[in-house]
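Subject: Structure handover

Hi,

Here is the structure for you to look through. My notes on its strands follow below.

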Amino acid sequence: IMPSLVGSEMCIRDSYKMLEDGRVVFGVTVTIENVETEESKTFQIVGEDEADFKKHKYSINSPLVRALIGKVEGDEATAKTPGGDVDYEIMKVEYL
C-alpha cells in the first residue's frame, strides 16, 4: 500500500521502486550492444527537453529508445534508423 499524499515526491519514488523489474522504462540507464559490431553504449532515457546526446541522455521519443521500451535485460530489439535496421541486445538496466 502506497502512503496517501504525504508528499507527491514520496509517492512517485515509491511507484518507481515498484517498477524495478529489469524492464527498460523512462528514467533508467541502459547499456546496449550492437549485435553485429559488438559496440556497446550506455545512456539514460529522458524527456525530449532533457535529451543531450553528448551527455548520454536519449529522448524517450527516439527510434532507438522506442525499440527498447518494455524489454528486459537479455532481450534483443531492432531500431529502425536512416541507415537501416540495427539489432541491439540489452546488456544492463539500472534504476539510478
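β1 and β2 form a hairpin, with five residues between the two strands. In that turn, E38 has a positive phi of about 65°. A strand here is a DSSP run of E, at least two residues long, numbered from the N terminus. Two strands count as paired if DSSP finds at least two bridges between them.

This is a predicted model: local features need pLDDT of at least 70, side-chain atom pairs count only at pLDDT 80 or more, and totals for chains, interfaces and linings use all residues. Residues are numbered from 1 along each chain as its sequence is written, and side-chain values use heavy atoms, with hydrogens and water left out.

Strand β1 covers residues 29–34 and pairs with β2 in the antiparallel sense, over five bridges. E33 has S40 in β2 as its bridge partner.

Now the other side of β2. Strand β2 (residues 40–46) pairs with β3 in the parallel sense, over three bridges. Q44 stands opposite K57 in β3. V46 stands opposite S59, also in β3.

There is a hairpin at β4 and β5 as well: two residues join the strands. β4 and β5 (residues 84–94) are antiparallel, with six bridges. K80 has D85 in β5 as its bridge partner.

How do the five strands line up? They form an open sheet in the order β3-β2-β1-β5-β4, with mixed pairing. β3 (57–59) and β4 (76–81) are the edge strands, and each pairs on one side only.

In general, strands of a sheet pair through backbone hydrogen bonds.

Best wishes

Notes. Helices (H or I, at least four residues) and strands (E, at least two) are DSSP runs, numbered from the N terminus.
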